[in-house]
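Please keep the sequence and the model open while you read.

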Amino acid sequence: MPTPIRILAVDVGTGTQDMLFFESGKTIENCFKMVMPSPTVIIAERIKQATERGQPLLLTGVTMGGGPCHWAARDHALAGFPVAVTPEAGRTFDDDLAMVEQMGFEIIGEGDAARRAANPALVCIELQDFHASAIIGALRAFDVDPRVDALAIAAFDHGAAPPGISDRRFRFDFIEETVRKNPTPSAFAYAAEHTPADLTRLRAIATSANRYIELSGSAPGIPLLLMDTGSAAVLGSLEDPLVRGQRNSILCNIGNFHTLAFHLDEGRIVGIFEHHTGEIERGQLEDMLVKLARGTITNEEVFDTSGHGALILERPFDYKSHGFPFLAVTGPRREMLRGSSLQPYEATPHGDMMLAGCFGLLRALAEHEVGMAPLIEPSLLGK
């Protein structure tokens with residue numbers, strides 16, 4: 001019998017962080033799971049409490065996802081209370097630190113931050129997307145040994161756009177380059193050491209993940225996989241047998257902040273678009289999905305409506321003759337398409353839509369670490 005393996009898969013979203021503690025030999029349903037507030041939500045609440053008390057802030061740590069924590073820190077400064085931030089943490093708010101200073105934040109060095117942290121009047125908050133000690137503490141609280149044989153973590157990364165370049169355009173240019181090289185959802189997964197340099201958020205997560213390996217007693221040098229969260233959810237939806245069995249399909253993940261849709265033909269991406277969920281209504285989304293199926297959606301129409309972009313690699317067959325592709329939907333905002341004439345199917349891989357990203361991470365890890373595949377795939381396939 002092969003030695004069982006243990007894998008921690010974490011999908012870091014804007015609203016929640018979803019965790020699966022996978023153990024080979026177990027059915028997926030019996031593996032331990034957690035759906036907890038996302039790091040940006042947790043930090044935003046801590047900042048709001050400091051604002052209510054009128055306390056100055058000191059933000060250290062690494063680059064992480066913005067959104068709620070960004071808005072909370074901005075509001076703290078607008079309320080007239082000091083915000084000091086180290087350079088790495090400051091890039092959470094903008095890749096250009098000059099822009100961070102324009103928000104009213106003070107950029108300080110790590111040494112200065114260490115000295116100021118001794119001041120009890122300051123509220124010191126460490127920014128990070130992957131809180132190793134908190135996760136280890138949660139597992140140990142339920143007598144779960146946190147040691148693992150691999151880590152797989154997903155998050156959304158705009159990439160470090162150069163000054164003057166739209167981060168939306170920079171993000172989609174990267175997506176286009178990736179898809180043209182390898183038109184599969186798993187192309188957006190990387191071994192930590194091969195993560196593109198521009199993906200600064202994912203590279204920062206690797207630093208935090210190494211802390212988990214050390215604190216948990218896991219073996220140094222274990223595999224660490226990093227992935228784009230939308231692509232992880234789309235890949236995870238394919239673990240639903242009904243979705244996996246489709247030759248021609250559109251897979252749409254409607255997240256709290258971002259909506260990503262892939263048009264797949266026998267597993268190959270033939271078209272893709274990405275938009276901001278808050279910038280679109282149901283009718284717009286339905287129209288974009290129809291155009292994606294027809295191969296007529298354009299990059300300009302998505303970008304010009306505050307989205308990231310669109311790409312058609314291959315003009316698909318006429319769906320009016322062959323029927324609209326099978327539409328599978330995941331994500332916490334999937335109700336946007338509920339009852340649509342496009343007849344969406346709400347994918348529930350292993351009975352748990354919220355862990356679709358974690359299942360996608362496991363599938364991507366099996367593809368990257370071929371030695372682990374025989375221990376991962378039987379559980380994914382329910383064998």
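His276 counts as buried, at 18% relative accessibility; buried means under 20% relative accessible area, exposed over 50%, and partly exposed in between, with a 1.4 Å probe and protein chains only. This is a predicted model, where local features need pLDDT of at least 70, side-chain atom pairs count only at pLDDT 80 or more, and totals for chains, interfaces and linings use all residues. Residues are numbered from 1 along each chain as its sequence is written, and side-chain values use heavy atoms, leaving out hydrogens and water.

- His276 lies in strand 13 (residues 268-276). Helices (H or I, at least four residues) and strands (E, at least two) are DSSP runs, numbered from the N terminus.
- His276 touches His158, Arg168, Phe257, His258, Ser306, Gly307 and His308, leaving aside residues up to four places away in sequence. Contact means heavy atoms within 4.5 Å.
- Leu260 is 16 residues from His276 along the chain, and their C-alpha atoms are separated by 8.8 Å.
- Val234 belongs to helix 9 (residues 229-237). Val234 is buried, at 1% relative accessibility.
- Pro185, Leu251, Asn253, Leu260 and Phe262 touch Val234, not counting residues up to four places away in sequence.
- Val234 and Ser216 are 18 residues apart along the chain, with their C-alpha atoms separated by 30 Å.

**Helix 6 and helix 8**

- The axes of helix 6 (residues 132-141) and helix 8 (residues 200-216) come within 8 Å and cross at roughly 40 degrees. Axes are lines fitted to C-alpha atoms, for helices over the stretch in contact, and angles run from 0 to 180 degrees between N-to-C directions.
- Helix 6 supplies Ala132, Ser133, Ile135, Ile136, Leu139 and Arg140 to the contact, and helix 8 supplies Ser208, Arg211, Tyr212, Leu215 and Ser216.
- By class, this contact of helix 6 with helix 8 has 6 nonpolar, 3 polar and 2 charged residues. Ala, Val, Leu, Ile, Met, Phe, Trp, Tyr, Cys and Pro count as nonpolar, Asp, Glu, Lys and Arg as charged, and the others, Gly among them, as polar.

**Helix 15 and its cover**

- Ala373, Leu375, Ile376, Ser379 and Leu380 are buried in helix 15 (residues 373-380).
- Helix 14 and helix 15 pack at an angle of about 145 degrees, with axes 9 Å apart.
- Phe359, Leu362, Arg363, Leu365 and Ala366 of helix 14 meet Ala373, Ile376, Glu377 and Leu380 of helix 15.
- By class, the contact of helix 14 with helix 15 has 7 nonpolar, no polar and 2 charged residues.

**Positive phi**

- Gly382 follows helix 15 and has a positive phi, near 70 degrees.
- Gln343 is not a glycine, yet its phi is positive, near 55 degrees. Gln343 lies in the loop between strand 15 (326-330) and strand 16 (345-346). Gln343 is exposed, with a relative accessible area of 67%.
- His350 also has a positive phi, about 55 degrees, although it is not a glycine. The loop between strand 16 and helix 14 holds His350. His350 counts as buried, at 15% relative accessibility.
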